[in-house]
Structures are given as structure tokens and as C-alpha cells.
Amino acid sequence: MNSKIQNIQNHLKKPLVVIGLMGAGKSHVGAMLAKSLHMPLVDVDRMIEEEEGRTIAQLFETKGEPYFRTLERNTISSLIDDGTQKIISAGGGAVMNEDTANLIWSSCVSIWLKADLDVLVERTSRNNNRPLLKTGNPCEILSALMEKRYPVYGRANICVDSNSPDVGVTLEKTLTALEDYLKEEIK
Ligand code: S3P
């Protein structure tokens, strides 16, 4: 087995949480990380959709954003509390809730996937499932979210550039950064 993977598996004692803006690649990179590290992946949005029997867009429309945020907070909190090792792919707004953020900063290793505005705009334009981007110009909305959220995302343990169209490149960068972070942590 690849020594990088082995080092990570040996030293990682907390759940991994992948955060970042819509289009940063959280679901995709999260899935590849889970496969590489042989750990279960939980995509918080998909879990909420399954439990509620509705898409995120339908939930925003019928129950409103605050209802979704409460579900998001409760789901992440129960995933962390169950104490099992896993990769959690969280929606872009998850750490904007103070309780959720505190839980993530204190109990997980957090990875911020960071991509440029034009990349986020292009990726999120490929489908129509993000309610926050339907309320106006997606480029302006994403730009405003960057300003508001980046100071908070900046608290993550690790930040990885996820601009590459090749998700394998981002995966390798993430594994390298994770290995380095864990090495520093045990020093
Ligand atoms: C949101 C991001 C979405 C989803 C919801 C709200 C946000 O997830 O949770 O539409 O506030 O940034 P992705 O970041 O996976 O697209």
C-alpha cells in the first residue's frame, strides 16, 4: 500500500470533514478520499435528502432555509457524536452555523477545498440543484459568499487548491497536505 495512505490511516484519529463553497469539489473529492483511505463517506446533503424524502431545493422551497440549517446542524452533530471514523462532506454553509462550526473545529480534521470564482461559477452552472444560486446572478452570489465565508473557512486545519479539472490532482494534493498536517500534529 502507498505509504502516504498508510501514514494517514495510522495517525488520523478524528473524522475528516470537507468544507468549501458550492462547486469546490467537496462531494467528488470526499468520495475519492473515502475510497483511497478505505473509510465510509457521508454526504450530509444526500443524507438529509434521503431522510426527508425531498431534494435540498424542495426543502428550501417548502420548509425554508432555517429548517434546512437545523437539519444540517443536527445531522453533522450526530455524525460526529457517534465517534466512528469517516469522511464527512458538508454543504457549503454548514460552518456558518456557530454550533456546527465549533463542533467541526474541535472534533474533526477539516479540509477546505478552495477554487477560483470563475471555476465555481462554471462548475455550479452544470446543474440547477442549488437553491441559493437561483435567487440572482450566480457569479455575484458566489462572490458575496466568498467574502462572507472565507474568513470562517480559513479556520480549517488544511486548505487545498481545488481548481484543477482533474479531480485526481486535487485528491493527491489533499492526501499530501493531510499527511503533512498529521505529521506536524504528532510532533
Ligand atoms: C449550500 C450548499 C449546498 C447545500 C445548500 C446550501 C450553501 O451544498 O447544502 O444548497 O449554503 O453553500 P454544496 O456546497 O454541496 O453544493
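**Group meeting: a walk through the fold**

Hi everyone. The protein chain has 9 helices and 5 strands, where helices are DSSP runs of H or I with at least four residues, strands are runs of E with at least two, and numbering starts at the N terminus. Bear in mind that this is a predicted model, with local features needing pLDDT of at least 70, side-chain atom pairs counting only at pLDDT 80 or more, and totals for chains, interfaces and linings using all residues. Residues are numbered from 1 along each chain as its sequence is written, and side-chain values use heavy atoms, leaving out hydrogens and water.

Follow the sequence and you read α-β-α-β-α-α-α-β-α-β-α-α-β-α. The radius of gyration is 16 Å, close to the 16 Å from the globule rule for 187 residues, so the chain is as compact as a globular protein of that length. That radius is taken over C-alpha atoms, and the rule is 2.2 Å times the number of residues to the power 0.38. Along its principal axes, the C-alpha trace spans about 45 × 35 × 25 Å.

How much of the chain is buried? Of the 187 residues, 49% are, buried meaning under 20% relative accessible area (1.4 Å probe, protein chains only).

Now let's look at helix α7, residues 117–124. Its buried residues are V119, L120, R123 and T124. Viewed down the axis of α7, they fall within an arc of 120 degrees, so they line one face of the helix; the arc is that of the directions from the helix axis to the C-beta atoms. Their cover includes α8 (138–153).

Note on methods. Buried < 20%, exposed > 50% of the residue type's maximum accessible area, 1.4 Å probe, protein only. Contact = heavy atoms within 4.5 Å.
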